[in-house]
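Dear colleague,

Please find below the structure that I am handing over to you.

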Amino acid sequence: MDWLTIIYFIMFFFGIYFLFIFLIIYSKYRKQLYDYPTPSRFPFVSFLIPAYNEEDSIENAINAILKVSYPQNKKEVIVINDGSKDNTRKIVEWLMRKNHQIRLINKENSGKADSLNQGIKKARGELIAVTDADSYPSRDALKKMIGYFEDENVGAVTSRVLVKNKKNFLEKFQGIDYAVIAWGRKILDYVNSVYVTNGPLSLYRGKLLRQFGFDPKNVTEDIEVTWHILSEGYKTRMSYSAEVYTSTPTKLKKWINQRVRWNLGGLQTIYKYRRFVFRTNNLFGYFVVPYVSLAFFLALVGFFLFSRFLLKKIYFYALSVPLIFRGYNIFRYVSFNFGLTFLLVLGMIFFSLALIYYKLALKDYENKKIINILIYALIYRPLYILPLLISIYKLFRGDIRWYTK
Amino acid sequence: MVYKIMKGNTFIFFEALLITLVLLSVGFSIGLYFESFRTSKVIQGYKNFEVEALDLKLQNYYFQTLNKGNCMVALEENINFADRLYDEGLIIQKYEDINQITEELLLEKKRYVLLKTELWLNSIILKERCKEPFHTVIYLYSNTPGQAKEAEQEAISNVLKDIKEKKGNQVILIPIAGDMELRAIDLQMKIYNITYLPSILIDEKYVLEGFHNTEEIEKYLK
């Protein structure tokens, strides 16, 4: 066995192992996916909405939060205007005149994490909900999340993000992607390993945020804060029934920018919490950090192996190009040598499990035709590598900033 | 400590590990089975060819010593045998490229090379005896080429394959690895003054070094 075969073998081992973790958890808890604890009390909740040039969506976002079913005297909405240059401030001030639950903090532009930290200082809530200015929680979302906090060890609860816009190819497959991500996150909920409390709607125990807040140096403050909570020994949970709708990038360039930020933030977070590997008293150090780190690493290794295979093939045919001028018709002989090897068997097992994973994840999703799952698995998912490579390049250049706006 | 963390729901991690290991073992075994199957097919194929080669050799002796029988029969047998040996050579190469666990089929390849050399000599004898207008095309290639040479060899191999398909029984095509440290091959290469691999030796007269296109080779096969 040569070194390349051993690397492929290790990759398949981890790929299949991780898929089985998800599938076994699902098989045990499949009937409880939508369950959530009924709250016995309704603590005060402060909604924080950081906003930077959000004139197109801020009004609807605030209205969606105001409509969230919860005792009216138990919630407040704090908009943190992060130095917007558009009409965001005016729109919020206009809404404030109609509803006294809304408060506005105006500040110089300093980024989302810092804006949230400013909001935390003013928030009165026992619980603090963070929402994006282009996201719209469903009416009953909060009630389906609150009950988890009756467990004193729960530090944060996140929701299920669904895509609002699903018109073009990219939006449609982001819809599938978000559904798959949400399902995976819910599965990890059963082993207390929810490692992202998403930006569109997540609920935090106020005392924790007041203690350490969001890290302004990290471009994915939602991942970082979750890891912080987990590293402190608290649990993070997910309510699969609590839905929030969000707007996703409509163009490839914006999609790449968004994903570059996610990757950069992920890598920053891994680096920050690397010392926790195998050094915590919960699964954070034993599963979350190694799993996320390996996911990044294996994606890169997989890409390099595939590129190596492709480049070798291209180089081989390129070497034959001079022979074309001597009467050799290269195009007649392009071929791939396939045979049933053990790596191919492992590859087929891995791919079949991945398809089962996607099929289960999309069981309750509107767009679950097998053709869409195949396109998702074979075209959309491989695109993940593009922003990952860009983010690694940017990381080496020290170019770490918010790329979306 | 680890046990305390893993207990309860998280025992799932061990379950998944166990299933993964079982599945990987199954996958490994299936792959190994197919690879072994291919290897044993090559070995079995060689044994059959060995018998056929001996048979062919005896036929030759028979024609030579007793000067009886139809020379054409021996010639046809020789061509058929060469064709089968050629096809088997392609299969061995393919198997060797895709096998990942089992050892390289080096010994089998050496045996095939010797068989092919024997066939070549047989063809020379038959050509002289039968006075039939068929051509021997010996393709001497490197068994351990670099990338550039491998591309060149593949091109030559493809061109020769086309010529063989086109010319049928008029051509006996015998590809032989020239750098397998076999004295019989080294001697033949010395006799025909072949110093570069890949080279094509046509009718024991013309040596074409490196790549030549179909038309260039066909000029020697009139």
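Two residues are counted as in contact if their C-beta atoms, placed from the backbone, lie within 7 Å. This is a predicted model, in which local features need pLDDT of at least 70 and side-chain atom pairs count only at pLDDT 80 or more, while totals for chains, interfaces and linings use all residues. Residues are numbered from 1 along each chain as its sequence is written, and chains are lettered from A and ligands numbered from 1 in the order in which they are written.

I begin with the two chains. Contacts link 37 residues of chain B with 33 residues of chain A. On the chain B side, at least two residues each come from helix 1 (2-6), helix 2 (12-66), helix 3, helix 5 (147-167) and helix 7 (214-218); helices (H or I, at least four residues) and strands (E, at least two) are DSSP runs, numbered from the N terminus. Helix 2 of chain B provides the largest share, 16 residues. By class, this side of chain B holds 20 nonpolar, eleven polar and six charged residues, where Ala, Val, Leu, Ile, Met, Phe, Trp, Tyr, Cys and Pro count as nonpolar, Asp, Glu, Lys and Arg as charged, and the others, Gly among them, as polar.

Chain B itself is assigned domain 1 (11-132) and domain 2 (133-222), with bounds from an automatic or database domain assignment. The centres of these domains, taken over C-alpha atoms, are 19 Å apart. Between them, 16 residues of domain 1 are in contact with 17 residues of domain 2. Helix 4 of chain B gives the most to the domain 1 side, with eleven residues, and that side divides into eight nonpolar, three polar and five charged residues.

Chain B also contains paired strands, a pair being two strands between which DSSP finds at least two bridges. Strand 3 (residues 199-202) of chain B runs antiparallel to strand 1 (residues 135-141) of chain B, joined by four bridges, and Leu140(B) stands opposite Ser199(B). Strand 3 of chain B also pairs in the antiparallel sense with strand 4 (residues 206-209) of chain B over four bridges, with Ile202(B) opposite Tyr206(B). In the hairpin of strands 3 and 4 of chain B, which has three residues between the strands, Asp203(B) takes a positive phi near 50 degrees.

In chain A, the buried residues of helix 1 include Tyr8(A), Phe12(A), Gly15(A) and Phe22(A); a residue is buried if 20 or more other C-beta atoms lie within 10 Å of its own, again placed from the backbone.

With kind regards

Definitions and conventions. A residue is buried if 20 or more other C-beta atoms lie within 10 Å of its own, exposed if 12 or fewer, and partly exposed in between; C-beta atoms are placed from the backbone.
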